[in-house]
Amino acid sequence: MVRFGCVQGFKHISMKMRGKEELFLTIANNSSASTPSQSPNASVHQLKNLPRNESSLLLSARTQRSLSGFGYMDVGLPPASPSENDDVVFDENPHHTVFLIAGYSMYNCPYAWVRSNHERLVKIVKDEGKDSPLNLHTTSHFATEDVKVSDIVAELVGVNTRPPPHNPFAVDFSYFECLSKYEAIIASGAMIDLLVRIIQHRTPSYHKQILRDVHRLLKQHFSDVSSLSHMNTLSSLQRTASSTMLFTQLSRTTSSMSAALDNSLNESDDEV
């Protein structure tokens, strides 16, 4: 989760880690995309109008008590920090909604909670409902399917954003343009690594859009590396442990990845 949550530069989402178990995910409420995502994990939510009924989007108190293992104490599945007592203040911004994805060891399964704009998403009858986890396909099937954090994020984008974007992991290239060369190299390298792992994990309907973004990021990444090299500052960059890992990994795979990307993109163009 930490490896995923530290990456920045997406168009529809932004993330912030709190410790190793909690990921705060901010998702845009509106999207300019005209084609809805075809993700099977999110499609069940995309046909629903907002706000949803509490029973259709949140886990019931009875189900929570059964899953928590503390039903005899009348305890469900609350987050570590209830909404009213959380030390993180969330602005009720009408343009985005904040979610909490947590992998608490005591639950043996990740869950997601709404942390802002509750009323936009769900008709909550009692205030206790604000700390009820969402009833998601990904978290419900965590024990039987190979579910990654990216799967949960993709489903949450489908739940929240209207209309749902075709590619929930679309890259905001303007973000990298605002960074220094050094920062852009680190940020783009991390983004490339994450996007490649997403399409290696499974082949979503939007994998061609991800491939195009990776192809563009690779070109910009190595252009920045070359530019920085000419400025005689590359050696200090390579001494950074995290940077060295990224450089080693990317240098090994650049040729084959670029060839594969070119072939994939050519095939995509032929199909159009």
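Q: Why is Trp113 called buried?
A: Buried means under 20% relative accessible area, exposed over 50%, partly exposed in between (1.4 Å probe, protein chains only). Trp113 comes in at 0%, so buried it is. This is a predicted model, where local features need pLDDT of at least 70, side-chain atom pairs count only at pLDDT 80 or more, and totals for chains, interfaces and linings use all residues. Side-chain values use heavy atoms, with hydrogens and water left out, and residues are numbered from 1 along each chain as its sequence is written.

Q: What makes Tyr104 and Tyr107 an edge-to-face pair?
A: Rings of Phe, Tyr and Trp (its six-membered ring) pair if their centres lie within 6.5 Å; planes under 30 degrees apart are stacked, over 60 edge-to-face, the rest tilted. Here the centres are 5.9 Å apart and the planes make 75°, a case of edge-to-face.

Q: Why is the pair of Tyr104 and Trp113 called tilted?
A: Their planes are 45° apart, with 6.0 Å centre to centre, and that makes the pair tilted.

Q: How do you know that Tyr104 is buried?
A: Its relative accessibility is 6%, so Tyr104 counts as buried. Tyr107 is buried too, at 8%.

Q: What makes Arg216 sit over the ring of Phe173?
A: The rule asks for NZ of Lys or CZ of Arg within 6 Å of the ring centre and within 35 degrees of the ring normal. The charged end of Arg216 sits over the Phe173 ring, 3.7 Å from its centre.
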